[in-house]
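These are notes for a colleague on how the parts of this structure meet.

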Amino acid sequence: MSRAHDHLIERLERILGPGGVFHRPADLLVYEYDGSVEGAVDTAAPVAVALPTTTEQVAAIVRLANEFDLPVTPRGAGTGLSGGAVAQRGGIVVALTRMDRILEIDPEDRTALVEPGVINLELSEATIPGGHFFAPDPSSQKACTVGGNVAENSGGPHCLKYGVTTNHVLGLEVVLPDGRVVWTGGRAGHAPGYDLTGALVGSEGMLGIVTKALVRLTPNPEATLVELAAFPDVESASLAVSRIIAAGIVPAALELMDNLTIQAVEPAYHAGYPMDAGAVLLAELDGIAEDVRAEGEDVAVLCRETGATSVRVASEKPERDLLWKGRKMALAAMGRLTPNYYLHDTVVPRTKLPAALRRVAEVATEYDLPIANVLHAGDGNLHPLILFDRRQPGAVERVLHASHELLHSCVELGGALSGEHGIGTEKRAALTLVFSADDLAAMAGIKNSFDPKSCFNPEKLFPAGYRCGEVRALRAQALAQKLGIYAM
Amino acid sequence: MNTPPTIDGLTPSALVTPLSAAELADTLAQAAADGLKVAPIGGGTALALGNPPERVDLALSTLALNGVLDYEPSDLVLSVAAGARFADVQALLAGHGQTLPLDPPGDAAATIGGLIATALAGPRRLGSGTLRDLLIGIAVAHPAGIVTKSGGMVVKNVTGFDLPRLYHGSLGTLGVIVSANLKVLPRARAEATLIARVVALDDALAAADRVRASRLRPVALEAALVDGAWFAAVRLEGRPATVATLAAEAAGLLESDTETLHGTDSAAWWRRYVAHQAVHAAPDEALLRFAVRPRATADLVRAVLRAVDGSGAIPRAVMASVGVGTVIVRAALDPEGAAATLSSLTATISPIADHVTVIAAPPAWKRGLDVWGGAPQTLDVMRALKSHFDPERVLNPGRFAGRI
Amino acid sequence: MAVAYETDLAKLGTLTGYSGPDQPDDDLLRACVHCGMCLPSCPTYRLTGQEMSSPRGRLWLMRGVADGRLDLLDPIFDEQMYQCLNCRACEAVCPSGVHYGPLVEAARSQLERHRPRPVWQRVLRRVALGGVFGDQRVFRAVVGGLRLYQRSGLAALVRRTGVLKPLKLAETERMMPPVAARFLRPGAERWTPSSPARAVRLFNGCVMGTVFADTNRAAGRVLAHNGAAVDVPVGQQCCGALHVHAGMMDEARALAKTNIAAFEAAPDGEIAVTAAGCGAALKEYGFLLKDDPAWAERARAFADRVRDVTELLADRPLAVPTQAVDRIVTYQEPCHLAHAQRITAQPRAILDAIPGLTLVEMRESSLCCGSAGIYNLIRREMAEELGDRKARHVLETPATAVVTANPGCAMQLRASLARNGSAASVVHVVEVLDEAYGGSAAWPPEGGREPGGSRPQRP
Ligand SMILES: Cc1cc2nc3c(=O)[nH]c(=O)nc-3n(C[C@H](O)[C@H](O)[C@H](O)COP(=O)(O)OP(=O)(O)OC[C@H]3O[C@@H](n4cnc5c(N)ncnc54)[C@H](O)[C@@H]3O)c2cc1C
Ligand code: SF4
Ligand code: SF4
């Protein structure tokens, strides 16, 4: 190890104490991955890992990184699926797992102030007894952190009604790339200036390190009803989704699972999903008791009209939990069927779901890969789950090709690259499928404004080799384009 | 419309109305090249918002960009050009049983682009959120002569940085919004409004608090003084039977002489109410907005009333959104020394309110103060953003927070 | 805190990859897709917030060794393999079905095989695990000595003088519950209802058969109450769980063979276990002996018979308890019951069936209490932190007793509760049920009789 490295570690230890800094090779080894699929995202180890416990420590680490000219990669629980927390250019990983206190729950304001390392589900568990919950509920909610949710603008089944993370973040304390600590937003609305909170949510750790989040809490619904409808095929289930939406009902969640998923889930968890169903639709309705009852009846009728062979209704918690269990454990059930899986995330306009699902089936045949479908049908958010065994020669390559194909077809259908998981390194190359160089330049403008030295989480989101040019430079380029010359 | 409108007493020398987004971008580029300052204009309902511009040479209207670009009712998404009028969009959606659940001031004439740029929201904010929550995609023309887009036509999307939210409330200082994609919602089947007339502010606040603590989830809940009378108002939506039940419960909670309005009557009442928040000020009045955390709303209203009284101003309307933490006050000031009164009024309340904004006031009164109530802590980041998107400060120079 | 750090690192040398028997199975290892879903369930990760102390991190380290990217003798590897409590909470929540337990056990076995440990450590292990736990007679003698110590007034004296403090044994001493007045010896006692519907063979266990002999008797009674003829087959030994956890596979296999033979001699009926840790180990005999052609089949057959006592009771309708037990209790899930055996509903169902009893759940009831076999003896700091966390959660509830189902947990809970000023008692599920059935008065033991059948064959 070089002198400079020793010096860096010594300085870090001065900030964090010896227990807060890791730098031996074996320690760094375990910070080279996140939750994303090997092959789709490269692993990379940092030169040091810092585990701060205070905002001041985070700021001091960032200033030190500036001094040493090292990149900084924030990290939460490392459950991200697009490679966001992997330090692609080495440098310092700042893991926020030790900043995990819920600082304040305010039932009257309906807010909670938390440190970034608080686990999503544990926040809701802490607030539910007081009458509220934290609405964003990614399937990884047992493990992922609020900081990670903010950085990825995470969603989940209940985002259909309640919206995604950005709709629930009121303010942020962030450490900026120059080491300053600032607050954006706050408890009161109408803060003057640009909505930097909005820009920070979903910025994948590239603009600032969130050290505190002020989040909105949602009152527990008075009543909740879960319905499970079995359909002969995915088409009829998708039709039911459209009809429910068209009827003016906004369920809290509307989840669809195909037969392959049912085949995996039911034997393992006995949630009561009919094994012979081509698809099941899980609808949750919540709100004022009277509305929930009436809407529940409507949804059941609509499902039957569109071909449901059975509809089960559960209003009590244990029964509801059982119906949900199949959905919540879907990944677990599939994961146990094959050695490896690739959990995909794409999104299309709701009405394009049947077309998208047909395309998924074609890709499955084409590449000879089983693909199961679990989707947030109400949002048009697909999660094709590609099952494979990486020990088979060429399997990984096939999976990657199939993934690319899936992305392409969703974009062709008017969709986007990611509904929840982010771009990271996983999909950065595909960004040009949906955005022009100009569009990217606007995003680069944001990056440059926060982080002119590109010190936070480099090699993410923007296509490889993309230089964050200024919009100013684009005028010349726009002109050139008009003349038929393609620059950049 | 050929005569340019006046902005805070300044009249641009020309009004340009480009016919396409590309043309608008070209106009901007041309203006930048010629060193002109541009004020984008939509419906012209909120021109009073902001600090007086440093200079305006050109008014740039979006009104010719007014088509619905894409609307798929079963997808519950809408793509609309920036110059489309909010009211027209609502009428179109209503035909399909859908709506944008918003009640911004300037209702009839306001354009979608203008509403996004100003981030103005009405009382419904309590139950339905704001346009910020509905924006799923946006296209913006920049002085570089380009149009950039972000987001998409899907309701859930994390592809790239979230620019729609950055542009929301940016008052046209980063670019001119040329179109927006919005999430729409099913229209409630029924609505009702309860207005409880009370004698004093405290009664209105207490009534509103009881409603807030109940199982009711009102879409709007106000404690207000309008036309000389105090009242609490509750707006409920849902299925007809449910609304009827909840309205009865609300009447019980309000505990006073309560009037109940249904359907279109209810909607019309709210339009009249929100009209008091319209972004303009008579020559003798100012429109102010105060914001605190929701739990401090009652303290804030009381403090505001005291301060207004103390300054010798006469409150024409006081509208508190309970549960949101916003108080909007329209007050008449003695024109003699009004600028000083306004300054001292905002100064008195600043320690109590997190944010004080002078939404509208006669230009002369505004000159001496920052209507945004001071520069944000992150001003340098904001300046950097501005200089990336609009390095020559072509767009609305000086009007926005921090006089960006 | 770290055992490995204390040893002289320079003397460890280097070694690339795994070799010899008991290597972590490569396919099992690669089943981990590093999704991170197991992180919050892991006690050591919860305390440290650091990736290497997480299941995912440990699996990645194991993979690092397999791939030659990390030296087998790297002190961090050693540290992490032993910092793990082997509580298997990670296994229970893993969406990919990663069998963590066998992997960490194999990794430890590799370390035991290839790592030069200081002589004193080796001797201590041999004596503790090989000598004491390896032979029931030695074990009974040691615990007998302890009982003498508790009774003689020596204990009180020692506690007062604090002589144990410098020896760091105070905590160990505090953990010890009063040792049962009479040990339960295999073959010595049995419980038979008037018209038995089935036979059940009780696995006695080292600690259960001595310190907690009365708990085993309670188990005998409640099973008999539910129609089973219960005996304690002779020839049985320690289950070998501690040896497996410590990577001492050969010793563990020898014990397993003895037990298999002993219970083959009593061939009918399920094998009831009152210690979750033993139960989990016994259920894994099939895996332990899978590569031994002479024993693989016998081991599988044995494992199929093994049931936790709560599992066995909840199997069929429970005889209705008659006596009210007016008490508020909370339930601490033993890791090896909840995670390794996935038994969570049955103990609660039993408690729910007891009149007068109120079960209030504490937070994190399935998080390890810090006992984890002999972990609390070798990783005191971390074990104490976990114990304190647990005690705090108990103190948040109005419970006056903590119900559990494993001797290690019972001891760790006792110590942690006492340290944190809680007066709550610690009891086994079957003890509460036994009380609701009227206790020992309602079912006097039949002592002294030898069970039928021939003496088991020594392997
Ligand atoms: C099984 C499984 C299911 C999943 N289901 C969903 C789902 O339903 N919906 C969904 O949206 N996602 C889902 N995810 C993805 C992932 O869980 C989310 O993206 C989650 O929000 C990441 O949180 P984390 O704490 O693990 O963040 P990490 O993975 O550690 O980091 C993610 C990104 O956030 C940044 N970051 C982390 N903390 C901070 C901080 N304090 N400040 C600034 N930047 C920070 C990192 O740099 C990185 O770019 C799933 C993942 C798994 C493994
Ligand atoms: S949950 Fe399973 S697959 Fe995921 S990281 Fe943990 S052990 Fe690996
Ligand atoms: S066995 Fe327990 S301590 Fe070990 S890694 Fe798994 S959860 Fe953590």
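1. Domain centres. In chain C, the centres of domain 1 and domain 4, taken over C-alpha atoms, are separated by 27 Å. The chain is divided into domain 1 (10–114), domain 2 (120–175), domain 3 (190–314) and domain 4 (327–436), with bounds that come from an automatic or database domain assignment.

2. Basis of the notes. The model is predicted, with local features needing pLDDT of at least 70, side-chain atom pairs counting only at pLDDT 80 or more, and totals for chains, interfaces and linings using all residues. Residues are numbered from 1 along each chain as its sequence is written, chains are lettered from A and ligands numbered from 1 in the order in which they are written, and side-chain values use heavy atoms, with hydrogens and water left out.

3. Domain 1 against domain 4 of chain C. Here 18 residues of domain 1 of chain C are in contact with 16 residues of domain 4 of chain C, contact meaning heavy atoms within 4.5 Å. The two domains bury about 1400 Å² between them, 64% of it on carbon and sulfur atoms, where buried area is the accessible area (1.4 Å probe) that two parts lose on being put together, summed over both. Of the area that domain 1 of chain C buries against domain 4 of chain C, 39% is supplied by C:Leu47, C:Leu85 and C:Cys87, more than by any other three residues.

4. Polar terms and elements at that domain interface. The rule finds 0 salt bridges between domain 1 and domain 4 of chain C, a salt bridge being a side-chain nitrogen of Lys or Arg within 4 Å of a carboxyl oxygen of Asp or Glu. There are 2 residue pairs in polar contact between these domains, both residues at pLDDT 80 or more; a polar contact is a pair of N or O atoms within 3.5 Å, where within protein one must be able to donate a hydrogen and the other to accept it, and residues adjacent in sequence count only if both atoms are side-chain atoms. On the domain 1 side, α3 (43–48), α5 (75–83) and α6 (89–93) of chain C each supply at least two residues, and α3(C) gives the largest share, 5 residues. Helices (H or I, at least four residues) and strands (E, at least two) are DSSP runs, numbered from the N terminus.

5. Chain C against chain A. In this pairing 35 residues of chain C are in contact with 35 residues of chain A, and the two chains bury about 2800 Å² between them, 54% of it on carbon and sulfur atoms. C:His34, C:Met52 and C:Trp60 supply 19% of the area that chain C buries against chain A, more than any other three residues. The count between these chains is 5 salt bridges; C:Arg46 forms a salt bridge with A:Glu122, with the closest N and O atoms 2.8 Å apart. On the side of chain C that touches chain A, α2 (26–30), α3, α4 (55–66) and α6 each supply at least two residues, and α4(C) gives the most, with 6 residues.

6. Chain A against chain B. The contact takes 94 residues from chain A and 75 residues from chain B, and the area buried is about 7100 Å², of which carbon and sulfur atoms give 56%. Across this interface the rule finds 14 salt bridges, and the side chains of A:Glu104 and B:Arg293 meet in a salt bridge (3.7 Å, N to O). The rule also finds 32 residue pairs in polar contact, both residues at pLDDT 80 or more.

7. Which residues are around ligand 2? Among them are C:Cys32, C:His34, C:Cys35, C:Cys38, C:Arg56 and C:Cys94, a residue being near if one of its heavy atoms lies within 4 Å. By class the shell has 8 nonpolar, 3 polar and 1 charged residues; Ala, Val, Leu, Ile, Met, Phe, Trp, Tyr, Cys and Pro count as nonpolar, Asp, Glu, Lys and Arg as charged, and the others, Gly among them, as polar.

8. Salt bridges overall. The structure holds 80 salt bridges over all chains. For the pair C:Asp78 and C:Arg115, the closest N and O atoms are 1.3 Å apart. C:Asp78 lies in helix α5 of chain C and C:Arg115 in the loop between α7 (100–114) and α8 (119–132) of chain C, so the pair ties together parts that are 37 residues apart in sequence.
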